[in-house]
Amino acid sequence: MRKKDDDKQQRIKVSVTELMLEEGWSGTSIAKIAHRAGVSPATVYTYFDNKEDMLQCIYREYADDIFRYMLSKVNASMQGPQIIDTLMRSFYQYLTDNEESFSFVMQFSNCKAMSQSCPLENSMKGVRQLLDEMKDRQMIRSYSDESLAAVIFTPVKALAYKENLSSDRKSQLLDEVIEMVQTALLR
């Protein structure tokens, strides 16, 4: 019985993600979500209080997945250059392997009203700790965590979504961007 419930919840999440990307916030209704997921609207309300709660839960879950994935690739024996390389490459890999869920996160985070009501402090906690450890060990310059995260992750997002570039060209540019970030941040 539990498996069936998990399947329903997963179908609802997938439906929400697809509809948000296809139709945006205003075009995504509980009725459409339920229809696409093959459940009743009442079933949707079993898992989520309302549409906003649903979007926030899915947003947090996807964001947590991104950061958990990246941090799982870092180990304690790595030095600064390896850590930056690993964070950037694993982020790129996650984006290319999970384009739909990441697009949902980006669309949600670009909606000021929604993202302000759903900060990612807990999702970013592990990354912030890693950056603080790197600063304490004097591996990287002591910039704010927000600035460091922007410099490390924003160029990767830009490359991952360049549709007019081949994967080989993206790989070359990723190498170049990693080198640039390491040069800018490492001590």
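Before the structure, one term: a residue is called buried under 20% relative accessible area, exposed over 50%, and partly exposed in between, with a 1.4 Å probe and protein chains only. By that scale tyrosine 94, at 8% relative accessibility, counts as buried.

Now the ground rules. This is a predicted model, where local features need pLDDT of at least 70 and side-chain atom pairs count only at pLDDT 80 or more, while totals for chains, interfaces and linings use all residues. Residues are numbered from 1 along each chain as its sequence is written, and side-chain values use heavy atoms, with hydrogens and water left out.

The overall picture comes next. The protein has 10 helices and zero strands; helices here are DSSP runs of H or I with at least four residues, strands are runs of E with at least two, and both are numbered from the N terminus. The C-alpha atoms fill a box of roughly 55 × 35 × 35 Å along the principal axes. Of the 187 residues, 42% count as buried.

How much of the contact set joins residues 24 or more positions apart? Counting contacts with a separation of 6 or more, the share is 69%, where contact means heavy atoms within 4.5 Å.

On charge, there are 24 positive and 27 negative side chains, and the centres of the two sets lie 1 Å apart. Lys and Arg are the positives, Asp and Glu the negatives; His and the chain ends are not counted. Each charge is placed at NZ of Lys, CZ of Arg, CG of Asp or CD of Glu.

That leaves the aromatic rings. Rings of Phe, Tyr and Trp (its six-membered ring) pair if their centres lie within 6.5 Å; planes under 30 degrees apart are stacked, over 60 edge-to-face, and the rest tilted. The count comes to five aromatic pairs.

Take tyrosine 62 and phenylalanine 104: their ring centres are 5.7 Å apart and their planes stand at 85 degrees, so this pair is edge-to-face. Tyrosine 62 sits in helix α4 (residues 51–72) and phenylalanine 104 in helix α6 (residues 99–109), 42 residues apart. Both tyrosine 62 and phenylalanine 104 are buried.

Why is the pair of tyrosine 69 and tyrosine 94 called tilted? Their centres lie 5.6 Å apart and their planes are at 50 degrees, so tilted is the label. Tyrosine 69 is in helix α4 and tyrosine 94 in helix α5 (residues 80–97), so the pair ties together parts 25 residues apart in sequence. Tyrosine 69 is partly exposed, at 25% relative accessible area, whereas tyrosine 94 is the buried residue I opened with.

Finally, ring pairs link Phe91, Phe102, Phe153 and Tyr161 into a cluster.
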